[in-house]
Amino acid sequence: MNKLQASPLTQIIEEHFAAAFAHHAAGRLEEAEEDYRVTLAMEEHHAPTQHYLGMLLHQRGRQEEGVALMRQAALAAPADADWCNDIGNVLFACSRFDEAAQAYQQALALRPDDAQLWTNLGATRRAQGQHQAAIAACEKALAKTPHSLAALHQLAEIHAQLGDRMQSSRYQCMAFVLPPHEGKSRELLAISFYFLGRVAEAAEVCRRWLQEEPGHPIASHMHAAYAGLPSHTVPRDYIVRRFDDYADHFDSNLVTHLDYRGPQVLNAVLQASLPANADMRVLDAGCGTGLSAAVLAPYALSLEGVDLSSNMLRHAAQHGRYSTLAQADVVEWMTAHPSRYALIAACDVLIYCGQLASFFTAAQLALQEGGHLVFTVELAGAERPDSYYLHASGRFRHQRAYIEDCLHTAGMQVVMLREESLRVEMQQAVPGLVVLARR
């Protein structure tokens, strides 16, 4: 009899709760609160209403009242992992991290295989400054769900805070290569696969890119690099497109993220070999944004810079050290200016050329008698039989013997040649050579 009498009221309560929940889900918070209040007027301790009204009050800036209601609901109903997680989320948003961690742990006690709960706990530990505990929690999440995007992003942020750029980048790439790929930058997608050591997949991204955009310079060049195809030079349109796009952030990316030290290496070679008498006409061949300008200026009566990228030249002009800046191909420029320079510097330029004979011939022509050429290259390993090859990074690597042969053929004398790494990539020093030659 009592059950029959209670049934209509129960039905009305559930209808009001359902209406309130629908308003809440649709973002109609005023209507939702009104219906939640009506529901509680009929049943003061209706736990679902208390819980979701508590969440709504938090959304409306009434955090303390909201948390109190949610906790009342938790006491009145059977333990629920989702509700514990909701309480944790509200407490986290209120920066009450110790309490949030307790709520997430309560949720995990009920549902230990839930990757999102482990990720939420990891985010809380990170907010508490407990980085190792945060890493452990997020790794638990990945153990449960290997493709958890939220866990990967958390691990990327944690390692960035710890100053481990390599690990942070690794997790960012792992997140980026997860499907779906539609709408993502194909260049960044290929780079991410390459960074993860999945070079065949990087090549496949570029192959499909070329199907959609035949002849695209970046897709063409990087497909050759990732696929290990033979190549003799980087196409001019690739250089222009790539470095025009990169110019605005080139210096910070190169120096900060790749520990680039080309200008320092160049400076050490010149100081050891040439007096800084500032009476020479100097060419900064492939000057880029002008990173080497400060090193070359003490040797220069006039300092000229040449580069294919107009945007790079715009940044180089801001140094105020160049007497001339020209947008041109370096080999063509040197060929057109015979016996003009006492010093030519090509720092991090020949890594974009496979065949070097034409460059050295042009440099020899452009140098005055007794003039010097200083340049850097990346060094091919002894295991490679090729004189040079296109590395998966998109840059060429050359054999030491090939460099010496090309210089000799061009009528240049090697003054100094030593192995020197100019950059770090994937936490590995990239092998290189710095060479000083004289006409």
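A residue counts as buried when its relative accessible area is under 20%, as exposed when that area is over 50%, and as partly exposed in between. The model used here is predicted.

**Exercise 1.** Determine whether Phe17 and Tyr36 are buried or exposed, and describe their aromatic pair.

*Solution.* 
Step 1. Both Phe17 and Tyr36 are buried.
Step 2. A pair of aromatic rings is described by the distance of the centres and the angle of the planes.
Step 3. For Phe17 and Tyr36 the centres are 6.3 Å apart and the planes form an angle of 45 degrees, a tilted pair.
Step 4. Phe17 belongs to helix 1 (residues 2-25) and Tyr36 to helix 2 (residues 29-42), so that the pair links parts of the chain 19 residues apart.

**Exercise 2.** Describe the aromatic pair of Phe21 and Tyr52.

*Solution.* 
Step 1. The ring centres of Phe21 and Tyr52 lie 5.1 Å apart, with 85 degrees between the planes, and the pair is edge-to-face.
Step 2. Because Phe21 lies in helix 1 and Tyr52 in helix 3 (residues 47-59), the pair ties together parts 31 residues apart in sequence.
Step 3. Phe21 has a relative accessible area of 38% and is partly exposed, whereas Tyr52, at 19%, counts as buried.
Step 4. Phe17, Phe21, Tyr36 and Tyr52 form one aromatic cluster.

Definitions and conventions
Residues are numbered from 1 along each chain as its sequence is written. This is a predicted model: local features need pLDDT of at least 70, side-chain atom pairs count only at pLDDT 80 or more; totals for chains, interfaces and linings use all residues. Side-chain values use heavy atoms; hydrogens and water are left out. Rings of Phe, Tyr and Trp (its six-membered ring) pair if their centres lie within 6.5 Å; planes under 30 degrees apart count as stacked, over 60 as edge-to-face and the rest as tilted. Helices (H or I, at least four residues) and strands (E, at least two) are DSSP runs, numbered from the N terminus. Buried means under 20% relative accessible area, exposed over 50%, partly exposed in between (1.4 Å probe, protein chains only).
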